[in-house]
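Please consult the sequence and the structure alongside the text.

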Amino acid sequence: MEQKNLVIVESPAKAKTIKKYLGKNFEVLASYGHVRDLVPKEGAVDPKRKFAMRYQILEKNEKHVQAIAKALKKSDALYLATDPDREGEAISWHLTELLKEQGVLDGKDVHRVVFYEITKNAIKEAIGQPRDISQDLVNAQQARRALDYLVGFNISPLLWKKAGLPGASAGRVQSPALRMICEREEEILAFKPREYWTIDADAEKSKQIFPARLIEYRGEKVEQFTVTNESQATDVRTAIENAANGKLSVAHIDKKQRRRNPAPPFTTSTLQQESARKLGFGAQRTMRLAQQLYEGVDFGEGAVGLITYMRTDSLNLANEAVAEIRQVIGNIYGAEALPESPRTYKTKSKNAQEAHEAIRPTSAAITPERLAGKIDNDQFKLYSLIWKRAVASQMEAAVYDTVAVDLVPGTSAKREGSTAVLRANGSTLVKPGYIAVYKEGQDDTVEDDNDRLLPVMEVGDQVALLELRGEQHFTEPPPRFSEASLVKALEEHGIGRPSTYASIISTLVNKKYTALENRRFTPTDLGKIVNKFLTRNFHHYVEYGFTAKMEDDLDEIADGREAWVPVLERFWTEFKERVDIVDETVTREDVSEARELGSDPVTGKPISVRYGKYGPFVQMGTKDDEEKPKFASLKATQRMDTITLPEALELFTLPRTIGHMDDGHSIRVAIGRFGPYIQYGAKKFASIKDDDPYTIELPRALELIKAKEELDANRTILNFEEAGIQVLNGRFGPYITDKVKNAKIPKERDPKTLTLDECVELLKAAPERGKGRFGRFAKKTAAKTDASAANQPAGKPVKAAAKSKTTPAKTAKAPASTATKTGSKATAKAASTGTVRAAGKTAAKPAAKTPAKAGSKPPAKPK
């Protein structure tokens with residue numbers, strides 16, 4: 001009887017591709033990623049019991065685990081073919097632990113198989129060479145998970161408690177990355193531009209005009225700040241023009257041949273960098289597309305894995321792959337494009353690990369041209385990039401002829417004693433080599449003289465000086481990080497590993513610690529406050545060197561050279577002591593980042609800017625005043641560290657009355673929890689989206705009111721006003737509402753013909769909000785007024801805040817926060833990135849009531 005085998009991979013796409021390479025005796029199922037994670041509560045990692053870790057099955061994948069268990073009962077052997085890295089090893093281990101608990105592994109052979117490309121040969125070879133699960137790799141992953149958990153569960157509550165930032169988090173790896181972005185911003189803000197001038201000439205020889213630049217003046221080398229103002233530039237230019245009298249002489253010619261070698265094939269880091277530079281793809285998008293190319297894409301020949309495993313920091317290529325690439329180069333670009341022997345590249349990373357090859361096409365013979373129009377366009381772009389880089393890495397160098405011509409003013413070609421020396425540079429590509437296929441991108445603009453042709457010149461020749469001009473320049477601050485340069489910096493500092501770069505970036509953006517503006521990272525006010533709290537109180541743990549050392553320790557565990565528990569013990573002893581000190585000694589005032597801006601010219605009260613529960617705001621007055629302080633949110637474009645007193649005073653001009661309706665009601669402009677709005681009746685509101693609430697005038701407000709009234713008229717099908725029941729057009733079609741329940745309308749009924757009695761009956765049978773289809777968001781909206789169903793626009797102030805059971809915080813300077821008990825799946829997910837609330841513990845005092853009227857109460861968060 002033939003043996004039945006069960007193969008487990010992580011994704012259904014990979015399962016589909018692998019299935020066709022294995023025979024009928026192999027069933028292939030997917031785990032759909034991770035199957036277990038730490039329980040989302042304190043004690044999930046117990047330092048007192050050698051960091052014992054409590055896991056639970058992920059609810060979303062429980063049905064897949066059950067399907068695997070069911071299939072395993074009918075199989076003789078289990079092949080665990082999850083990804084060839086620590087994450088994949090951990091998934092295989094967690095799955096076997098679950099299967100052991102269910103008793104379905106008894107008497108079964110369990111094999112771990114790894115492959116770095118999904119091709120027929122690679123799959124067959126892996127199945128034929130199984131091994132056991134590597135406990136060293138599993139321990140390294142468990143240690144990483146425990147570290148992330150311990151940091152998240154201990155620092156994050158301090159952020160809520162000490163900084164009043166509910167939902168803020170501190171991750172072991174994300175925090176140093178945030179520090180990097182914030183420090184760059186501080187450099188930019190502190191930067192003082194310096195003026196400097198260059199002296200440039202336009203010369204002519206044989207009717208060809210070419211540029212030259214001053215490099216020596218009166219026997220001294222010209223540096224960046226040799227000429228620093230217009231007066232100096234004019235003096236230098238005049239002296240050269242007088243000495244030249246319209247002529248320059250060739251004093252020296254330096255000719256060289258320069259070779260430029262190709263870049264190595266892609267690692268995870270360089271793929272993300274180049275994809276950002278050349279394609280404009282973010283790190284997450286790049287990795288998602290690469291995963292698809294790795295797992296298998298159908299281009300008319302069935303699903304085929306097009307690239308090797310995409311999480312790697314190795315630069316090696318398999319000998320068979322190099323041989324195929326060289327054959328393709330010879331066929332397409334000719335023998336002259338091939339070096340005599342294959343190129344080899346040495347990995348710079350001292351801890352290059354996890355995968356044994358760089359990212360390359362599984363078959364160089366599958367050229368981009370073969371895939372054009374047959375696969376998704378983004379997949380095609382990324383595959384083309386990977387194919388070109390891998391092929392170019394095995395090609396001849398590009399060869400340039402370079403020439404530097406030194407020119408002196410006047411008819412004498414002697415350099416000695418000359419007033420000045422100007423240099424003209426030229427470069428000609430004489431042998432394209434790898435550039436015929438691929439040229440590496442750069443993060444920022446770099447001047448390049450490639451293919452600047454100069455006229456033929458000899459020493460002693462004279463050329464015409466057409467113009468000499470001074471060019472004013474100012475030094476520029478260091479550029480903000482792009483996704484490409486941030487990934488490069490993370491790699492250089494040893495922060496994170498190939499599998500984590502994308503998640504680090506996405507966490508910083510999703511937590512609103514940074515914003516991507518023009519593809520550059522700018523820290524938000526929240527990000528700056530979190531960073532200052534961490535650098536002041538946990539400086540050691542956000543140091544780049546410390547984070548890199550922790551990565552090294554994890555690598556030592558993965559390689560079997562270090563036990564994981566001692567590594568955690570060394571970390572925990574110092575870390576827990578520091579957490580306790582911060583908890584006991586740091587006050588909320590220490591981390592409020594409040595900044596005094598000046599005084600209100602009318603009342604004389606102090607104006608300050610600070611950060612609260614719903615973001616940055618300005619405050620007029622203090623908690624000690626007899627009259628309560630006034631508050632107003634900052635505009636989206638304003639920043640706490642740059643806002644001025646006049647700008648702050650403008651924020652207090654809302655709410656403002658700009659006119660009246662025909663019925664006598666005022667037309668007021670204000671900012672509520674979901675943004676700016678117009679109030680034009682007791683309970684009538686219109687959102688302001690594209691206009692400035694501080695400058696909008698009556699005619700424009702009336703236009704918005706008219707548009708809102710028309711929208712409401714189209715939305716309302718029936719209105720039984722006396723019963724408080726309406727039939728409305730909603731996002732999912734017509735429905736009945738009494739502001740307490742929402743009822744679906746039978747498909748066969750025309751909503752326009754419903755009677756009040758029918759509506760009442762349908763509402764009786766409907767579940768209360770939060771218990772049916774219409775209650776998907778009820779948990780979030782339970783405390784809000786029900787007015788949103790009919791009249792309330794995005795900008796309506798939320799009155800329900802006043803109904804909150806929370807008590808006012810002792811400090812009135814900024815809204816406080818509260819941490820609630822939690823045991824949800826969302827908490828489990830948050831724990832993995834250090835964003836988890838400490839279950840069962842109050843991390844901060846209860847929040848103050850937070851009405852939404854700007855100018856009189858703490859500002860509410862715009863949606």
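How many helices and strands are there in the protein?

## Overall composition

The model is a predicted one. The protein contains 24 helices and 31 strands. Of its 863 residues, 51% are buried.

Among the contacts in the protein with a separation of 6 or more, 71% are made by residues 24 or more positions apart.

## The parallel sheet

Four strands form an open sheet in the order β2-β1-β7-β8, and their pairing is parallel. Strands β2 (26–30) and β8 (109–112) stand at the edges, each with a single partner strand, so one side of each has no neighbour in the sheet. From one strand to the next, the twist averages 20°.

The pairing of β1 (residues 5–9) with β2 is parallel and extends over five bridges. Within this pair, L6 has E27 in β2 as its bridge partner. Helix α2 (residues 62–73) lies across β1, β2 and β7 (77–80); relative to β2, helix α2 runs at about 165°.

## The α8 and α9 helix pair

Where do the two helices α8 and α9 meet? On the α8 side the residues are T268, L271, Q272 and S275, and on the α9 side they are A283, T286, M287 and A290. By class, this contact of α8 with α9 comprises four nonpolar and four polar residues, with no charged residues.

Helix α8 spans residues 268–279 and helix α9 spans residues 283–295. Their axes are 9 Å apart, and the two helices pack at an angle of about 115°. The crossing in which α8 passes α9 is right-handed.

In general, the strands of a sheet pair through backbone hydrogen bonds, in either a parallel or an antiparallel arrangement. Strand β20 (residues 595–599) and strand β21 (residues 606–612) pair in the antiparallel sense, with four bridges.

Technical notes:
Residues are numbered from 1 along each chain as its sequence is written. This is a predicted model: local features need pLDDT of at least 70, side-chain atom pairs count only at pLDDT 80 or more; totals for chains, interfaces and linings use all residues. Side-chain values use heavy atoms; hydrogens and water are left out. Axes are lines fitted to C-alpha atoms, for helices over the stretch in contact, and angles run from 0 to 180 degrees between N-to-C directions. A crossing is left-handed if the near helix is turned anticlockwise from the far one by less than a right angle, and right-handed if clockwise. Contact means heavy atoms within 4.5 Å. Ala, Val, Leu, Ile, Met, Phe, Trp, Tyr, Cys and Pro count as nonpolar, Asp, Glu, Lys and Arg as charged, and the others, Gly among them, as polar. Two strands pair if DSSP finds at least two bridges between them. Buried means under 20% relative accessible area, exposed over 50%, partly exposed in between (1.4 Å probe, protein chains only).
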